[in-house]
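New page in the notebook. I'll jot down what I look up, one entry at a time.

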Amino acid sequence: MRSGLWQCSTSKAVQTMSEEKVLSGMRCAIYNRCSTTEEAQNRAIETQAAESVEIVQALGGVICCQYIEQESGTTTKKRTQYASLMADVQQERIDCIVIKSIDRLMRNAGDWHEFIQHITAHHVRLYLYLERKFYEPQDAFLSGIKALIAEQYSRELSQKVNNAHKRRQKKIDGKLTVNNNVYGYRKEKDGYRIEETEAVYIRRIYAMSAGGAGGRKIAKELYAMGMRNRKNGAVSDVTVRRLIQNPLYKGTAVMHKTHYDFELKKQCCLPKEQWIYHENRIPAIVSEKLWQAANDALNARKSKSQAKEQKERSPLPQHCLKIVCGKCGCAYCKRTGSAGNVYWMCGRQLEKNPDGTVCKNITVYEKELEPLLWEQFQKEDMESIKTQTENGLLLLEKVLKKNPCSKDFCMEYGRLREKKKNLLQKYMDGIVSDSDYKLASEMLAQQINQMTEQEKRNDTAKPGQRLFAIRQYLYSEEGQEAVRQAVVQNTLSEITVYPDNRLCVCYRTGACRMMPYRHIHAKMKKRQESIQKIEQLFLSQNRLTTAEIAEYTGYSRGNILQKLKELKQQGRIRYVSMGKNGGCWEDVSTGIHQDKQTKKTDGQI
Ligand SMILES: [Zn+2]
């Protein structure tokens, strides 16, 4: 190979590194792939292939194989050479993978963690020749904390945008921007008009609901009357109920019903207390009185099923980690119990295997899991979390100083300036009269003035104070909890659950640790308690009939028989037949009665 092919920077790298032979004696696999920017260059891949061979030789490595990927892509799926490389790692044929830089491998965090875990598990190292260093596992930890701080920053921003949106909806004057396509109304230039042909049905719906008819009955009758939706189909009972609940029909427009929830990353409904009502802004189709009567009747019918819906969501999305079944290899699925307990169970327990069997691995409760994982983590360096947090805050400070103006202030300010410009244009075109222009421009100037004043008072806009607020949050109880969750989340990659109550916890660094999982779920506890109660009864009395046990403990007969069966299987009690009229239970340890007297009466249990 002629050296003229190489770029200056890398050929220099060859020279300086040739003295320290860091790859000495290692079996190396070279992986070459072009980044998207390099793809444009002619023969870039050949150049890279040649230079990497030269570098490995200079560093004293033994080249086992070289993989040259022709295609680039962001996921690992299409790359065939990559797959062969992974097979080599699996079979431990190599000690080190040599690449130009991290972006040659993947551009997606999930694949990256998987890759690192795979190579660490097989004791293969990764050498980045552009940076002249080995990849170290602790680099992964730093990125975890950085991600948390970035998230907190955008969380704040999201809140501010939501607030600005709310303020705008409160201030509405004149025009309403409600849904275009409201049944019973027709939108015109200056507002909403009642569409009489549709309003007839609306009035009928309200009258029927107030009279005690349910959604399905109303829908049926109105279909017979000739009511159709705008796609010429039947109106469903769900739609009927929705029409009844819509306050628009009594002339009230409701705004600010939803907002963007940062934690759930989607549009969410807000509680009714936060809704903004604009009364009498639209011609009413039904009277306030009838509207209320119809809704009261609807709510009375609804109350039965309501209890179920009131289940609250947990405020923060908890683990995003992967839990795997150690018995069948299926992924664990997250479920929420009736009491709000979050638990995980094997997917094959919820769904049958192809052969019809169900996996019977243990259920894992998040409440019990998290302290366990955190306990393990605390043994590692707590001080390092603090340093990384401070590093992240410093980084954020730099960013904030560059952009001191809050985003929604800039947006709102820009909007007002635009308005002013438009007004002037209209005035010059003669659309707006002298007096109107004067009034409007004064109002606008006042608004702009007010906003700037408020922004000055708004201390969160100053980077120092915003940073202070974020720092305060991070060190508050709530923030520490978030840091804790983030650390656990960002350092863990996978948990494997074994049926004998053991967990294998794998970290992103590739390390694995076994730990016991103690199951102390409330239901199990209660079961244990009732068995203990029965055992205590046998301490005071050697022989007891089922009826007697039921009387002393207060449990049902069926419940007791189940516990007794368990005790019998453990060989602690036995059933003694007393002739035709049944028998009683006896404590085995007392040994008063001879074995010949005991007869198995399987029918009893
Ligand atoms: Zn399973």
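What spacing do the donors of the zinc ion follow along the chain? I read it off as C-x2-C-x17-C-x12-C. Before going on, I note that this is a predicted model, where local features need pLDDT of at least 70, side-chain atom pairs count only at pLDDT 80 or more, and totals for chains, interfaces and linings use all residues. Residues are numbered from 1 along each chain as its sequence is written, and side-chain values use heavy atoms, with hydrogens and water left out.

Entry: the zinc site. I looked up the protein donors (N, O and S atoms within 2.8 Å of the metal, or 3.2 Å for Na, K and Ca; water is not among the atoms, so sites may look incomplete). They are the SG atoms of Cys-325, Cys-328, Cys-346 and Cys-359, at 2.2 to 2.3 Å from the zinc ion. The angles among the four donor atoms run from 100 to 114 degrees, and the site is tetrahedral (for four donors, all angles between 85 and 135 degrees).

Helices (H or I, at least four residues) and strands (E, at least two) are DSSP runs, numbered from the N terminus.

The cut-offs are under 20% relative accessible area for buried, over 50% for exposed and in between for partly exposed (1.4 Å probe, protein chains only).

Entry: I searched the whole structure and got zero, counting pairs of cysteine sulfur atoms within 2.5 Å.

Entry: helix α4, residues 80-90. I find Tyr-82, Leu-85, Met-86, Asp-88 and Val-89 buried there. They lie on the same side of α4, because their arc is only 155 degrees around the axis (taken from the directions from the helix axis to the C-beta atoms). After α4 comes Glu-92, with a positive phi near 50 degrees.

Entry: confidence. Mean pLDDT (the predictor's confidence in each residue, from 0 to 100) is 74, and 73% of residues reach 70 or more. Over residues 307-319 I see pLDDT below 50.

Definitions and conventions: Four donors count as tetrahedral if all angles lie between 85 and 135 degrees; four count as square planar and six as octahedral if opposite donors are over 155 degrees apart and all others between 65 and 115; anything else is irregular. Contact means heavy atoms within 4.5 Å.
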